[in-house]
Structure formats: structure tokens, C-alpha cells
Amino acid sequence: MTYDLNHLRLIVQKKRNSFLTSLFILIFLAILCVLLITFVNVGEVIILSGAALFVIFLLLFKLFDSYNPKILFSKEIRGENIKESEYEIMKRGSASAQGIRYRQVGSTSVGTRSGAAPIAPNTRANRKAFHKNMHFNGEVYIKSENGDINLLTGLYGSHLEIYEEGDILLKPEGCKFLIITSRDTDRQPCPVCGEVNGEESERCFGCGLKILGKGDPDEHKI
């Protein structure tokens, strides 16, 4: 199964536009409040402007927390899923000679190690089960064609159950989660929200991203 590439781009662009619009409005209002506090020497205006400025800062914090611009404006990453042990050997051995660079992508997390119990994504379908378990963040090491090693964190245990060593994984631009592009699977994590969908579905249960069938044009597929 695979997802609709064109629809994915539209979703990412819509989220970017929404984030930037909200950001510019809040920044404009913040500047206006600062100007009122600075140049209007009236007590009530200063108090109201100060209160409004406080609310604006809270809204800015909520905006960044909701959209996570680090992910929203991130670049595409594609490469081979390798073992952590292989990465450590390359890092200690010939990494510098080969020009391999290490980059961490996504949020810092305690990665899922051996013995850590996998969990399902925090979506409507799995919310009850999610709250009954401790949340462990999974991670994968992706080796790109130019030799870069990327650590992608914040994945779910249900994703790691699908990925296999040697898979070519893709994190689309502006997304957080990875999908498999090197083999056919009957389940894939949604690159936008992380919901694991099956090939029998037409849209992602979590965010509505279109899921394509085998007869759909290739230019729409990831």
C-alpha cells in the first residue's frame, strides 16, 4: 500500500500556511501591544496591553507546540534502515574517512532499546490502550546514498514492528514519520500523523491522507 503524494503535499503546504499566517498575526499583535505600552502613557492601556501581550506569548507557545516547525519545515530523508550496532561501528571506525556525518532529526528521546515494550500511536483508534501503557519513543538509523547517517526519533513501537533491516525508508518533506518504499506492505505508518493504516482503507484514519490502490497512477504514489 502507499499514500497519495499530491494529497500529502497539499496537507503539508496547508499546515505551513496556517502556521505562518498565525505566527505573523501574533507577532503583529505583540508589536502593537509593545508600541501601546511604550508610547501611550495611560494606565488602563498599559495594563490591558500587558495582559494581551501575556496571552499572545501563551498562544505563540501553543502554536509552536502544535505545529512543531522543526518537523513542518524539515527536508525529505530517504535511505536504508540499518542496525544501531552497524552505525556505532561506522562511527568509531571509518566514519571520518568516508565523510559520514551524523545528524539527529526529530525530537530528543529515550530510544526504544531491547526489552522496551512497543505501543500503538496516540490516535483515536488506540487512545485507550495508549493511556494504559508507558510511552516509549522508538528510533531508527537511516543511511542515505551519500553516506550520511540520520537518527530519526519519536517513532512508535507499532512502526518498528513493520520496518525491517535493509528497508528503504522515506520521511517526506515536512513530515515526521517514515514509510517503506522498497517493498509492498499491507500496513504503513501515515507520514503525517503516524497512524498505522491497512491497504483496505481509502484514507488515513487519523488525518485523512488519501491511500492509493494498485490501479492509481504512479505519479500520485510515494
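Me: Why is Asp167 called buried?

Reply: In this predicted model, Asp167 has a relative accessible area of 4%, and buried means under 20%, so Asp167 counts as buried.

Me: What makes Arg183 and Asp167 a salt bridge?

Reply: The closest N and O atoms of Arg183 and Asp167 are 2.7 Å apart, and because the limit for a salt bridge is 4 Å, the two residues form one. The pair links distant parts of the chain, with Arg183 in the loop between E7 and E8 and Asp167 in the loop between H7 and E6, 16 residues apart. Salt bridges that share partners also join Glu164, Asp167 and Arg183 into one network.

Me: How do you know that Arg183 forms a salt bridge with Glu164?

Reply: Here the closest N and O atoms are 3.8 Å apart, and a salt bridge needs them within 4 Å, so the contact between Arg183 and Glu164 qualifies. Arg183 lies in the loop between E7 and strand E8 (187-189), while Glu164 lies in the loop between helix H7 (157-160) and E6, so the pair ties together parts that are 19 residues apart in sequence.

Me: Why are Arg183 and Glu164 given the class they have?

Reply: Arg183 has a relative accessibility of 26% and Glu164 has 45%; because buried means under 20% and exposed over 50%, Arg183 counts as partly exposed, and Glu164 counts as partly exposed.

Me: Why is the aromatic pair of Phe19 and Phe64 called edge-to-face?

Reply: The rings of Phe19 and Phe64 are 5.4 Å centre to centre, with 85 degrees between the planes, and because centres must lie within 6.5 Å and planes over 60 degrees apart count as edge-to-face, the pair receives that name. Phe19 lies in helix H1 and Phe64 in helix H2 (residues 43-67), so the pair ties together parts that are 45 residues apart in sequence. Phe19 is buried, with a relative accessible area of 3%, while Phe64, at 39% relative accessibility, counts as partly exposed. Ring pairs link Phe19, Phe64, Tyr67 and Phe73 into a cluster.

Me: What makes the pair of Tyr156 and Phe177 stacked?

Reply: Tyr156 and Phe177 are 5.5 Å centre to centre, with 25 degrees between the planes, and because planes under 30 degrees apart count as stacked, this aromatic pair is stacked. Tyr156 lies in the loop between strand E5 (149-155) and H7, and Phe177 in the loop between E6 and E7, so the pair ties together parts that are 21 residues apart in sequence. Both Tyr156 and Phe177 are buried.

Me: Why does Val192 count as buried, and which residues is Val192 in contact with?

Reply: Val192 has a relative accessibility of 17%, and the class buried is set at under 20%, so Val192 counts as buried. Its place is in the loop between E8 and strand E9 (196-198). Leaving aside neighbours within four places in sequence, Val192 is in contact with Leu8, Ile11, Lys15, Cys175, Phe177, Cys207 and Leu209.

Methods:
Residues numbered from 1 in each chain as written. Predicted model: local features only at pLDDT ≥ 70, side-chain atom pairs only at ≥ 80, totals over all residues. Heavy atoms only, no water. Salt bridge = Lys/Arg side-chain N within 4 Å of Asp/Glu carboxyl O. Helix = DSSP H or I, 4+ residues; strand = E, 2+ residues; numbered from the N terminus. Buried < 20%, exposed > 50% of the residue type's maximum accessible area, 1.4 Å probe, protein only. Phe/Tyr/Trp six-rings, centres within 6.5 Å; stacked < 30°, edge-to-face > 60°. Contact = heavy atoms within 4.5 Å.
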